[in-house]
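This note reviews how two chains meet and how a ligand is held. Please read the points below beside the structure.

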Amino acid sequence: MGIELRMPALSPTMEEGTLAKWLVKEGDEVKSGDILAEIETDKATMEFEAVDEGIVGKILVAEGTEGVKVGTVIAVIGGDGEVTPSSAPVLTEVQAAPPAIAIERPVAAPRAADPAVPAGTNMKMSTVREALRDAMAEEMRRDGRVFVMGEEVADYQGAYKVTQGLLEEFGPKRVIDTPITEYGFAGIGAGAAMGGLRPVVEFMTFNFAMQAIDHIINSAAKTNYMSGGQMRCPVVFRGPNGAASRVGAQHSQNYGPWYANVPGLVVIAPYDASDAKGLLKAAIRSDDPVVFLENELVYGRSFELPELDDHVLPIGKARIMREGSDVTIVSYSIGVGLALEAADALAAEGIEAEVIDLRTLRPLDKETILASLAKTNRLVVAEEGWPQCSIASEITAICMEDGFDHLDAPVLRVCNEDVPLPYAANLEKAAVIDAARIVVAVKRVCHR
Amino acid sequence: MQNRRSNRDGRQRPQSEIKSALRSLQETHAANLRHKASDEELLKFYEQMLLIRRFEERAGQLYGLGLIGGFCHLYIGQEAVAVGLQSALTPGKDSVITGYRDHGHMLAYGIDPKVIMAELTGRAAGISRGKGGSMHMFSVDHKFYGGHGIVGAQVPLGAGLAFSHKYNEDGGVCMAYFGDGAANQGQVYEAFNMAALWSLPIVFVVENNGYAMGTAVKRGSAETDFYRRGTAFRIPGMNVNGMDVLEVRAAAEVALAHVRSGAGPVLMELHTYRYRGHSMSDPAKYRSREEVQDMRENHDPIEAAKAELVKRGVSEERMKDIDKQIRSKVAEAADFAENSPEPELPELYTDVLVETY
Ligand SMILES: Cc1ncc(C[n+]2csc(CCOP(=O)(O)OP(=O)(O)O)c2C)c(N)n1
Ligand SMILES: [Mg+2]
């Protein structure tokens, strides 16, 4: 019984090639692994090996022949009778591309609202810093798999004191100082999560996480999908993000849009203490990789925080910080404070602004934004970050695609100036968004 | 994690002591170079290596037929490395992680060839449901953690797996494989540093097959003795012949005894050779045919094992039988991979996130 040898493809796009050379002749005995021929294209050469043993019967395409189509029978090997017939696959018909099929995208279920705070719950004042620390401490008490690693998180109590007291309570096995080696420890964190632990990896600031972004995206975000849902990576990458104060361009960038671009990640950027605590606890419990973006300038601010045994908030749900009927201001992180400040100023002039804190940047709560737009018909996005390809750009696109009929004015973006952040106090102030700029934009969309 | 180093206070250990510690594993290995395998054991190794060889040949063939797309990196020539090393590990207890040239490591860990081949052809029955492909395959049950397409990324990930073994005190060890090319990635040394600092239970394995794509080792590496590259982190190195499965196995035992004792990582360099192109499309101009032919003819790990078995008096019949069984196993895997359906289109949207928010 003869086995037909067919012209192989060296790449999925190859249609034909040159049969450069035969290394066997008719009558030769070959065994599996022997090189039979050399195939060439303009890009590559491949040695064509025998997969079965037998005698070379007929050579049907002479060496030096150009333009041999993939799948052409180039030789026949006479079998020794022992070859399983199915071991010589034949070229399957190349199927014509199916007509474009409209695949139904899954519709997201309505998102859970924040659990109601029981009446009579004591509200205490807490800084964002304390709220974050308490979130980690509570989750570490609750689950032995949770540990914290990063630069200066243990002995030094955290570069911004967010991990204060954790070493004392949980010891060096669970609160781990790393060397200054972001790519490496982000990989170790992601690997530990694949191995079943729940790492909280602190970046001293997210500026330094650019050295680690490969593990955040390629290793953490894509693994669940690439493994068909088999291998998870429940790691939290957290730390301060965005412009700080007078630290210059390399230490002042908002990475929200970068991470929010990536399917497979959850991206959270809270503003106040209650959201910081409730969402960090949710992030640590999540089975997905989470990028948790904090803000250095907000760490020391105090907010009301409900004193509950287990204050956990839903990921993916925006929060209406202030209700209003004339215009919607969408923001997140430090921008929320500025939006609220602007709303107060606008109220004094008779414009009632609704302020939405996105809280989670991925998955993005479109519904809350669109519902507010349907009510106010005007929308401004305030973002402490660059304008191009920003969260603000994304929200503008959402309003165009899904809220066009509700728009009475163009959506405007209020972002930082499109320059690296300067050091000089006056230039820095000029570069970063403030409430006054939000007020101006709101008046424009309100035609006032 | 507590620092292992006694010289945290700045005291120096004598140079001679450090040097001998770094060399001691190599000396132990040299004293007992080859594993004393029973006939049955050697037959088992032979069978596993042959399975990888035949599987890869078939994968190459399916690629030629257009059934496998994209990149497909074959392990032909390197079989003794994965088989020898992993024969000393326990699937489900010890973890294994590697790069994109991963089919051999999976087969050596007992993962079903059918679901591997079906992943190569992008079918729903593939181990990653057709969504990973050749470079991205995982089996959490076996503790095989991939299957990574970014050169070198598996090394810190492996250190993270080792971290979880230590944290959980489960007695497991991670074996993290990477290439001679990957050995030049900075993150490898970041991982070395932390693995040594925290005494993580990990064996770093450089599979030195002589080339990173078309770049010969000496064109890309200032220090070509990769086993010495842990010296700066006080990681003992081992220089091992990767073309003899029994040498590989013996070396694995020395390395694992060290790591399992809690003494921290070991760096093994396995000298091996890739017979085929880097991926399927390869210019094949960076080395001579004679060089490849010499390795195939004079250093082939499977032929060597076969010759040894024959010399030991294992019957021709028995060998033929194994051959036949493997052929039909691979044929079965190929049939399965060819005939199972592609993923349903709604699979496009599944497993992006684990939870719904
Ligand atoms: C970070 C990164 N750079 C480049 C590549 C492209 N690439 C894939 S494999 C490879 C060569 C790696 O060689 P080596 O580490 O020796 O492994 P081998 O292929 O020999 O097994 C390169 C450059 C990649 N996948 N990732
Ligand atoms: Mg190599």
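1. The contact (heavy atoms within 4.5 Å) draws 85 residues from chain A and 69 residues from chain B. This is a predicted model, in which local features need pLDDT of at least 70 and side-chain atom pairs count only at pLDDT 80 or more, whereas totals for chains, interfaces and linings use all residues. Residues are numbered from 1 along each chain as its sequence is written, chains are lettered from A and ligands numbered from 1 in the order in which they are written, and side-chain values use heavy atoms, leaving out hydrogens and water.

2. Between them, chain A and chain B bury about 6,600 Å², of which 58% is on carbon and sulfur atoms. Buried area is the accessible area (1.4 Å probe) that two parts lose on being put together, summed over both. I188(A), Y225(A) and M226(A) provide 11% of the area that chain A buries against chain B, more than any other three residues.

3. Three salt bridges are found across this interface of chain A and chain B; the term denotes a side-chain nitrogen of Lys or Arg within 4 Å of a carboxyl oxygen of Asp or Glu. E53(A) forms a salt bridge with R327(B), with the closest N and O atoms 4.0 Å apart.

4. Of the 15 residues around ligand 1, those that come nearest are Y100(B), R101(B), G181(B), A182(B) and N209(B); a residue counts as near if one of its heavy atoms lies within 4 Å. The side chain of Y100(B) has an N or O atom 2.7 Å from an oxygen atom of ligand 1. For A182(B), a backbone N or O atom lies 2.8 Å from an oxygen atom of ligand 1.

Notes
Polar contact = N/O pair within 3.5 Å; in protein donor to acceptor, adjacent residues only side chain to side chain.
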